[in-house]
Amino acid sequence: MGILEVKNVNKRFGGLQALGDVNLSVAENSCHAIIGPNGAGKSTLLNVLVGKLIPDTGSVMFDGQSVLGRKPFEINQMGISRVFQTPEIFGDLSVLENMMIPIFAKRDGSFRMHAIESSAQEKEIIEKAEAMLEDLNMADKRHFHSASMSRGDKRRLEIGMCLAQNPRLLLLDEPTAGMARADTNNTIDLLKQIKDERDITIAIIEHDMHVVFSLAERITVLAQGTPLVEDTPEKIKGHPKVREAYLGEAA
Amino acid sequence: MFGLDKKDTTLLIIVAALTLAAPFLLNPFPTDSAMAQFNAGYPDLMQRFVIFGIFAIGFNILFGLTGYLSFGHAAFLGVGSYSAVWMFKLLSMNVLPAILLSVVVAGVFALLIGFVSLRRSGIYFSILTLAFAQMSFNLAYSVLTPITNGETGLQLTLDDPRVLGSSSTADGSIPVTNLFGAEMRATYEMVVGPWNFQFNTGYYLSAILMLLSFYLAIRIFRSPFGMMLRAVKSNQTRMNYTGLNSRPYTLAAFVISGMYAGLAGGLMASMDPLAGAERMQWTASGEVVLMTILGGAGTLIGPVLGAGFIKYFENIFSKINEGILHSWFSFMPDGLEDTLIALVYPFIGKGWHLTLGILFMLVVIFLPGGLVEGGQRIGRLFRRKKSGQETDKSTQSTPAE
């Protein structure tokens, strides 16, 4: 039984069957990729996984608990962190402050005022944030205005912010979309490093096959809202159904 | 010092020094000189500077930190004033219980309005707060006349059932507001040569409360709570997916800024014990938005500067009339004098709003960071001149706040 269990999920938008009978099981501490051509329902599936969309039927269980209908902050508190297609960071804040917020959130839960203490005196939080930046090789950028960094650095920071909370499941939505080749490779290296060093489950939705085949241990191919096949990367590469889904019948 | 870093302590000390020495600083011209009309060092106006300063500091905690633009903050100011006047009528003429009650009532009021309004963000939030403020205004103006005394405004009368203290003084007049016997209107006049400096008890009470409010605002800005509020402004999606519920943070900020407004309202009533519905009108809400943006939203000192700036204009520019203009331009040939006066006249007296509007436009277009940004630019200009080439390095990667 996997840490994330998707059972018989159906989702319709008017006449469009976005997801049809999706069954998916992500094993703990594995890296599972979900691929598929445009319009296959990848993003819909991801939105179901984080509780943003409630499916018409079916269930999504994380570690034995249903995620359906929960608010984003509750999903996060269950141990799920999400990386967005366009990096979502606190653009007005410095890199160090960006890193401090998830650590505060982890320590204090969803609301604690601390309106009088100075954040500059929270030694423990700052140390943790700086250690995390050190791991990301971003220590020299700690005072940068985070909105002014490159796409790759923003992505790196965003992944770091998710990891600072020690999530059990990291969801990545096309983490290398719109990135330069060098940034893409850096991101792949970072994710590989995370996979090796931590007990973490990674679920990744991706378009770029290079990324998928360098990271994933298992791959689910989604086409027209239904899982076509699920297998190891080696087997997926040569699978006729996958070729068909991606390249059309003629191939 | 006081748990602040060096830069903030310096700022606080400078503000404290300026506020406490205001009766001198705002009175630079001798009483009988032609420039005396530009003096702002009289109690009534100085009180208004600091009271609106408090109002704007509080507004900035909401708008500057979380980015939620409330268009109904005057409602809390009005509620504060009404509470204070009722306290004078029923309990005692001491301002302390009145101010405490106005802060508490405004806080409760802000909790209710905030709870509903904060379900939406952006323009919808602004409209909701505006609607609530207008509702409050109309309630105060007509529906709740028994409590607010409608369009006349709530005033003290000779037969107020004051529990602690008397309904009227021995000579048959209404007692005055005081702080343990120190009358708010008491003014000590110091005459130095041609100058006349006025030290007013009410001003100093308001000034000390403003300094405390300012200090608290610095603490909030620099706290983890303040950081969370800035995070709300910056990216709510990320905030939510970081396990933080943004609603309690924004509501707390809303209530705090409502309480600041209540404090300002209570102080206004303490200086002059009457409260009218017009204090809650949308123009009053708009004024505090102008003050904050003009001074620099999201900066510590900006709102205070903005409040001072607008109140100065309102009181000084509006007093200049045609006669004064004639006396200024009398050295010119008649034709030229009349043309010039015709050109300047729309911008003074009752037309001061026009001047303010133009200044506001200029500031928003050329100094989006408000007067504070203007100050910073001038400061940088001076530093560059002083240290020549060194500055090229230092401007490069200065951390953002």
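What share of the contacts in chain A between residues at least 6 apart in sequence join residues at least 24 apart? In this predicted model, the share is 67%.

## Chain A as a whole

Chain A contains 9 helices and 10 strands. Its radius of gyration is 19 Å, close to the 18 Å that the globule rule gives for 251 residues, so chain A is as compact as a globular protein of that length.

## A sheet in chain A and the helix on it

An open sheet in chain A is formed by 4 strands in the order 2-1-4-5, with antiparallel pairing. At its edges lie strand 2 (16–26) and strand 5 (65–66) of chain A, each of which pairs on one side only. Strand 5 of chain A is joined to strand 4 (residues 57–62) of chain A in the antiparallel sense over 2 bridges. Within this pairing, A:Phe62 stands opposite A:Gln65 in strand 5 of chain A.

Helix 1 (residues 42–49) of chain A packs on the sheet and touches strand 1 (4–13), strand 2 and strand 4 of chain A. The direction of helix 1 of chain A makes about 60° with that of strand 2 of chain A.

## Chain B as a whole

Chain B has 18 helices and 6 strands. Its radius of gyration is 23 Å, close to the 21 Å given by the globule rule for 401 residues, and chain B is therefore as compact as a globular protein of that length. Taken along the principal axes, the C-alpha atoms of chain B fill a box of roughly 75 × 70 × 45 Å.

Of the 401 residues of chain B, 43% count as buried. Among the contacts in chain B with a separation of 6 or more, 73% are accounted for by residues 24 or more positions apart.

## A hairpin in chain B

Strand 4 (residues 187–192) and strand 5 (residues 195–200) of chain B pair in the antiparallel sense over 6 bridges. In this pairing, B:Val191 stands opposite B:Asn196 in strand 5 of chain B. The hairpin made by these strands has 2 residues between them, and B:Gly193 takes a positive phi near 55°.

## The nonpolar core

In soluble globular proteins, nonpolar side chains tend to be buried together. The largest nonpolar core here has 168 residues. The residues with the most contacts inside this core are B:Ile54, B:Phe55, B:Tyr260 and B:Ala264. Helix 11 of chain B supplies the largest share of the core, 15 residues.

Leaving aside residues up to four places away in sequence, B:Tyr260 touches B:Ile54, B:Phe55, B:Ile57, B:Gly58, B:Ile61 and B:Ser213.

## The contact between the chains

The contact takes 32 residues from chain A and 27 residues from chain B. On the side of chain B that touches chain A, at least two residues come from each of helix 8 (201–222), helix 9 (224–234), helix 10 (236–240) and helix 11 (246–271) of chain B. Helix 9 of chain B gives the largest share of this side, 7 residues. By class, the side of chain B that touches chain A has 12 nonpolar, 9 polar and 6 charged residues.

Technical notes. Residues are numbered from 1 along each chain as its sequence is written. Chains are lettered from A and ligands numbered from 1 in the order in which they are written. This is a predicted model: local features need pLDDT of at least 70, side-chain atom pairs count only at pLDDT 80 or more; totals for chains, interfaces and linings use all residues. Two strands pair if DSSP finds at least two bridges between them. Two residues are in contact if their C-beta atoms, placed from the backbone, lie within 7 Å. Ala, Val, Leu, Ile, Met, Phe, Trp, Tyr, Cys and Pro count as nonpolar, Asp, Glu, Lys and Arg as charged, and the others, Gly among them, as polar. A nonpolar core is a set of buried Ala, Val, Leu, Ile, Met, Phe, Trp, Tyr and Cys residues joined through C-beta atoms within 7 Å. A residue is buried if 20 or more other C-beta atoms lie within 10 Å of its own, exposed if 12 or fewer, and partly exposed in between; C-beta atoms are placed from the backbone. Axes are lines fitted to C-alpha atoms, for helices over the stretch in contact, and angles run from 0 to 180 degrees between N-to-C directions. The radius of gyration is taken over C-alpha atoms; the globule rule is 2.2 Å times the number of residues to the power 0.38.
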